[in-house]
Amino acid sequence: MAVAASAQAQGIEINPVVISATRMEQPLSEVLSSVSVITRQDIDKSQAASLADLLQGEAGFEFGRSGGPGSVTSFFLRGQESKNVVVLIDGVRSQTDGIGSVTLTDFPLSQIERVEVLRGNAGALYGEAAIGGVINVITRAGKGTPKAYGAATLGSRQTTELSAGYGGQLDDTRFDFNAGASGAAGFSVINADKNTIANPDRDAYRNQYAGAKVDQKINATLRVGVRANLKNSVVDYDDAYALNQSDTHQFQIKADTVGAYVNKRFTDDWLTNFDVYSASYTYDAMKNGVVAANGHYQGHADVFRWTNTYAVSDATSLNFGLERSEENFQQRSTYDMKRDTTAYFAGLSSKVGRWNFQANARRDELTVDRTASASALKKDYADNTQLLGLGYQITPAWRLTSTVSTAFRAPAANDLVGTYGNPNLMPETHRAQEAGAIYSVNQALLRVVYFETRTQNTIAYDAQYKPQNTGEMRNKGYEFTARAEVLGNQVKSALVFQDPWNVTSNSLPGRRAKQYGSLDVSRWLAGHEVGVKFAGASDRSNFGGPADLAGYTTWAFYASRKIDLDWTARVKLENAFHRNYELAGGYNTPGRGLFATLQYQPK
């Protein structure tokens, strides 16, 4: 009984602290921009298979995926294209490929402490392409008495995962080390009813990963640290354009990031950070066990950041700094692309009486360079972006918020030169505004937001697959989010009504719904935490045009029980009613699945 009482006392974290909205710590209830937070407790309870599955149903977030976990995945925020999303790992941008898509969308959940989803134009904080918003993944860090932790999962489709770690604090040293492996026999990712040529065999995936973070206090004003993350994946897939049904296809992917940082407090008011990171990414597209023609890709990025926080007064804080990144992405014997970015930024957050103010400005200067056997091109781009926010506390429980912002995206290297390149492309420009209301009390945090976005010089592809600045895209709508405890129930919910539209082609953008959301409700019954999560979306278009992807709803039921203070047993029934639906046209999604997890997590 004592174990159950202790577990129940944890409850849901109603008002967590977030960093992404201003680059400074703030309670969620005081943030002027729209942010959602997924805590470590939320991750454990979800028993999600991937980052995309964890975020499914969150306000502002949609995704397309060519199969199950591990398959090619595209993230969409606020109805924007997948190229208009920035993914951060501990504040460092994930590398993009030659067409501007994020290469790392499948980060191991066992390594994550918290995820913050910042919706709407964030270019003034995070630079080029941060248009739909930012997904900020914060990895685990050592705290408290050093202890081991881990989990083992077994489930349908021969799913297995084993992860373990050790972290904490010894004197002035904080650390965390973790590693794991996961995999599944999977299912045939291509719908055989729509494509009879593709190989109907099961498409498996396997992952191995490791991470480390060590932070050392040198003296009262100086800390230094190092971080590293490594990940290897093997993902089977089906080629929708295969000529032989017996052909097998596979991606072999390797990604690693290493970095170091220095945290120095010059005065009680001024804190500065220096970060240096190096990231590498390679993948081989295999056909029948050998690298396919032009199937080897590799990328590398070096990043330097200098960030500062200065407390002007108890109610006003200033942040400023600069970032420099050098990226390259290559396809063996075919092309070499480079992308260099230098950025300068500053932000101010202030509270005066019942008023809250936020102002951010940033300048990004980019050089995009692509060299191939028959062509070469080098282009320079620069843009200034801004964000202004205003909040007013009507009562202790109610706050009004509003923001206006600008952002941009430069053409990707592959868009500029090559067989289908267009060297005359202009950057996309974006404007957004939103207004909202927040209700915050001890047992509930609710937010409703109305937003509008407009994109000019949209980069899209014509009938010959050549990129063009086609004109205008718009989106507007309402978002509702809630974190609450209601009559002993822990509740998380999100609901979005939006109207994404390609004004120029008079069509719905691909794989984005006009209505979607989720509801997650759990409670304690007889020493067990039991819950249900509902997620759904309305009809969507696959590539733009008619809504040829049907709407769907999925239900998941889950339960957990504390065995003792350190051990927890969890079980989850996923897609309980075996709903057949598509996130990408012609590709299957996971059916009903039962999964059991044994978790070791000392307090």
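Is F61 buried or exposed? Select F61 and look: F61 is buried, with a relative accessible area of 1%. One thing to keep in mind as you go is that this is a predicted model.

**Stop 1: a pair of rings**

**Stop 2**

Now select Y237 and F251. These two also form a stacked aromatic pair, with 4.4 Å from centre to centre and 10° between the planes. F251 is buried, with a relative accessible area of 18%, because anything under 20% counts as buried.

Together with Y237 and F251, they form one aromatic cluster.

**Stop 3**

Step back to Q250, which is found in strand β15 (residues 249-265). Which side chains does Q250 join through polar contacts? One is D236, at 2.9 Å, and another is Q252, at 3.0 Å. Q250 is buried, at 19% relative accessible area, since the cut-off for buried is under 20%. Show what surrounds Q250: leaving out neighbours within four places in sequence, Q250 is in contact with R206, V234, V235, D236, Y237, D284, A285 and M286.

**Stop 4: charges over rings**

Time for two arginines. Select R23 with F345, and you'll find R23 over the face of the ring, 4.3 Å from its centre. Then try R78 with F451: R78 lies over the face of that ring, also at 4.3 Å from the ring centre.

**Stop 5: the nonpolar cores**

Which residues touch the most other members of the largest nonpolar core? Select L51, L54, L55, F75, I112, V115 and I135; those are the ones, out of 31 residues in that core. Several elements give two or more residues to this core, including α3 (51-55), β4 (61-65), β8 (112-119) and β26 (489-498). Of the contributors, α3 gives the most, with 4 residues.

Zoom in on V115. Setting aside neighbours within four places in sequence, V115 is in contact with S36, V37, I38, L51, L54, L55, I135 and N136. Apart from this core lies another one, of 22 residues, and you can pick out Y205, V235, M337 and L425 among them.

**Last stop: a loop residue**

Where is S33? Look in the loop between β2 (26-27) and β3 (34-39). S33 is buried, with a relative accessible area of 6%. Not counting residues up to four places away in sequence, S33 touches L118, L387, T403, E434 and R447. To finish, select G531 too: S33 and G531 are 498 residues apart in sequence, and 30 Å apart in space from C-alpha to C-alpha.

Methods: Residues are numbered from 1 along each chain as its sequence is written. This is a predicted model: local features need pLDDT of at least 70, side-chain atom pairs count only at pLDDT 80 or more; totals for chains, interfaces and linings use all residues. Side-chain values use heavy atoms; hydrogens and water are left out. Buried means under 20% relative accessible area, exposed over 50%, partly exposed in between (1.4 Å probe, protein chains only). Contact means heavy atoms within 4.5 Å. A polar contact is a pair of N or O atoms within 3.5 Å; within protein, one must be able to donate a hydrogen and the other to accept it, and residues adjacent in sequence count only if both atoms are side-chain atoms. Rings of Phe, Tyr and Trp (its six-membered ring) pair if their centres lie within 6.5 Å; planes under 30 degrees apart count as stacked, over 60 as edge-to-face and the rest as tilted. A charge sits over a ring if NZ of Lys or CZ of Arg is within 6 Å of the ring centre and within 35 degrees of the ring normal. A nonpolar core is a set of buried Ala, Val, Leu, Ile, Met, Phe, Trp, Tyr and Cys residues joined through side-chain atoms within 4.5 Å.
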